[in-house]
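Subject: Structure handover and notes

Hello,

Please find the structure below, with the sequence. My notes come after it.

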Amino acid sequence: MSVRLGEILISEGALTFEQLDTALRYQREQGGRLGSILIQLGYVSDEIIATALSKQYGVPLVKLAKLQIAPEVVRLIPIETAIRYQLLPVRKVGTTLTVATTDPTNVLVLDEIKFITGYSVEPVVAPEGAIRDAIERYYGTEQTLEIQRVYDQLAAAGEYELEISAQSEDLDLGALQKTSSEAPIIKLVNIILGEAIRRGASDIHLEPYEREYRVRYRIDGVLYNVMNPPPRFRDAMISRIKIMSNLDISERRLPQDGRIKVRINYDGRRKEIDFRVSSLPVLFGEKIVLRILDREKLPLDLTQLGFEPESLVKFEKAIHRPYGMVLVTGPTGSGKTSTLYTSLNKLNTPEVNIMTAEDPVEFNFPGINQVQTKEQVGLTFAAALRSFLRQDPNIILVGEIRDLETAEIAVKAALTGHLVLSTVHTNDAPSTISRLLNMGVEPFLVATSVHLICAQRLVRKICTDCKERVETPVKALIDIGFPAAVAKNVVTYRGTGCKKCNDSRYRGRIGLYEVMEVTPSIQNMILTGATASQIREKAKEDGMITLRESGLEKIRAGLTTIDEVLRETMMEGN
């Protein structure tokens, strides 16, 4: 068999007689498959070996990267088996399961797959690297192997097989609470939480569907599938999380919110981490989302956020004024809370009284009076803000200005000797003016109270462990906004994927900032009814760096990629 493979490779010019002789001698001394030895010695690639094996045995060659494999097919073979034998189920037709492998002649492995699945097995050939990549894509990384072991432990224990309908009114709470307290369920949930922290996730999503239960992590703003536990574990896992966060496990028809505080051993030391828990009834059960709140990851230094030097000078000048309003704007998940918390940390001294109204309070700071709004009992942003004015504040933070009542009280506070920090949902800094006017705030109040508006976005940073230079045509750089004189000197980079970044090519995020001072000339434009685009042009004349320009600076500095900046910003005039 080995000689035949060698003959095919030699006839196609992929191998020399000398190389084959060396490989066969190595095989006699060390053992192993000839194909793997040839790859190991660097004589041929795994793609060439796969093609040769396909011809040798008349077995089809598949390109796994171009296939979309159904989740129910992937689940037929456990992750440990797939990793141990480097194979992957590809499709199921009737009672036949097609399996991609690097060695279609290994009858013992194929018989084991037949025994595990109960299906007839039909092998196809794929390169080793392609199978390895596909295993990580469909099963998750090897770090999730421990999670799968817990699933297997649960599957072997009949008492954990709960079949409770999400719409059912009859619920055995005693059995459910007992099940969610058993050691395997506790271990399973702990592993999911711990792995999320280890991988630097910001959120955990547990999502029930009709035929599957999905666990995903949001890492650097992007959701990644981690595991698909059997749906029968759904209710026990949800109940365990509800118990940990002091939620009502019997209430499955209404949304609930809670918190979990855990102490973990991480990097050789103990640390405390909060999880903000939200449960929401969906069609096939309850979706649980856990926001991971790690105080140590909060950048409490404004210079670490990503401001350009000139923008940072303007921002710091505004937040150190004794009165007026500073607004931070951007979509959900753009880092507004981090910017505001970092600003408060810089302003937090014993000489000032800081009051905040938040929904929710994400981090608690000593020396700052933080209020959690509760709209169901009437404690809205407006109500909290009205009470703040009777609490002798110096600095007020309002989580969000979303209605006229809140806006008017915030403006009043800014005009009567208080520094007001808040957020507004708009696309850029100039359009925030239009948003306040559309709410119904008078132009003269906006012009005199608002001192600075900061729009921001978050882009992923290139992983420093797998960063490499990449050639980009000068015309392409000019097209995205670089001046021609600058474009010819710009060096661009990208990540290639490594273990440190979980092959995502990115690790961490950095902010893009558009800081607009409300100068006397812009105040006059607000009073005369200028449009957002007119205000933008004037702000650029006054030296405002736009979001796109901030992104271009990050590209020049080798911090992020062109794709990331294009995804989060728009060219002027678009």
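The notes below start with the chain as a whole and then go through selected parts.

This is a predicted model, in which local features need pLDDT of at least 70 and side-chain atom pairs count only at pLDDT 80 or more, while totals for chains, interfaces and linings use all residues. Residues are numbered from 1 along each chain as its sequence is written, and side-chain values use heavy atoms, with hydrogens and water left out.

**The chain overall**

The protein chain contains 24 helices and 18 strands. Helices (H or I, at least four residues) and strands (E, at least two) are DSSP runs, numbered from the N terminus. Of its 574 residues, 49% count as buried; buried means under 20% relative accessible area, exposed over 50%, and partly exposed in between (1.4 Å probe, protein chains only). The chain exposes about 27,400 Å², with carbon and sulfur atoms supplying 50% of that area. Accessible areas come from the Shrake-Rupley method with a 1.4 Å probe, and for residues only the protein chains shown count as cover. Among contacts between residues at least 6 apart in sequence, 64% join residues at least 24 apart; contact means heavy atoms within 4.5 Å.

**The sheet S1-S2-S3**

Three strands form an open sheet in the order S1-S2-S3, with mixed pairing. Its edge strands are S1 (87–93) and S3 (120–125), each of which pairs on one side only. Two strands pair if DSSP finds at least two bridges between them. Direction ignored, neighbouring strands of this sheet are turned by 30° against each other on average. Axes here are lines fitted to C-alpha atoms, for helices over the stretch in contact, and angles run from 0 to 180 degrees between N-to-C directions.

Strand S2 (residues 96–101) pairs with S3 in the parallel sense over 6 bridges. Thr96 has Ser120 in S3 as its bridge partner. Helix H8 (residues 128–139) packs on the sheet and touches S1 and S2, and its direction makes about 70° with that of S1.

Gln86 sits in the loop between helix H6 (79–85) and S1. Its phi is near 50°, a positive value in a residue other than glycine. Gln86 counts as partly exposed because its relative accessibility is 23%.

Val109 belongs to helix H7 (residues 107–117) and counts as buried, because its relative accessibility is 11%. Not counting residues up to four places away in sequence, Val109 touches Tyr85 and Leu87. Val109 and Thr81 are 28 residues apart in sequence, and their C-alpha atoms are 9.6 Å apart in space.

How far apart are the end C-alpha atoms of helix H16 (residues 404–415)? They are 16 Å apart, which agrees with the 16 Å that its 12 residues should span at 1.5 Å a residue. The expected span is 1.5 Å times one less than the number of residues.

Asp403 caps the N-terminal end of H16, with a side-chain oxygen 3.3 Å from the backbone nitrogen of Glu405. The buried residues of H16 include Thr406, Ile409 and Val411. Among the elements that cover the buried residues of H16 are strand S10 (324–329), helix H15 (381–388) and helix H17 (430–439). Just after H16, Gly417 takes a positive phi of about 95°.

In H17, Pro430, Thr432, Ile433, Leu436 and Met439 are buried.

**Backbone points to check by eye**

Most residues other than glycine have a negative phi, and most peptide bonds are trans. Asp220, in the loop between strand S5 (213–219) and strand S6 (222–227), has a positive phi of about 50° although it is not a glycine. Asp220 is buried, with a relative accessible area of 16%. Asp359 and Pro360 are joined by a cis peptide bond, with omega about 0°. Pro360 lies in the loop between strand S11 (354–358) and strand S12 (368–372).

**Gln256**

Gln256 is found in strand S7 (residues 256–266) and is buried, with a relative accessible area of 13%. Its side chain reaches the backbone oxygen of Glu251 at 3.0 Å. A polar contact is a pair of N or O atoms within 3.5 Å; within protein, one must be able to donate a hydrogen and the other to accept it, and residues adjacent in sequence count only if both atoms are side-chain atoms. Leaving aside neighbours within four places in sequence, the residues in contact with Gln256 include Lys242, Leu247, Glu251 and Val277.

Regards
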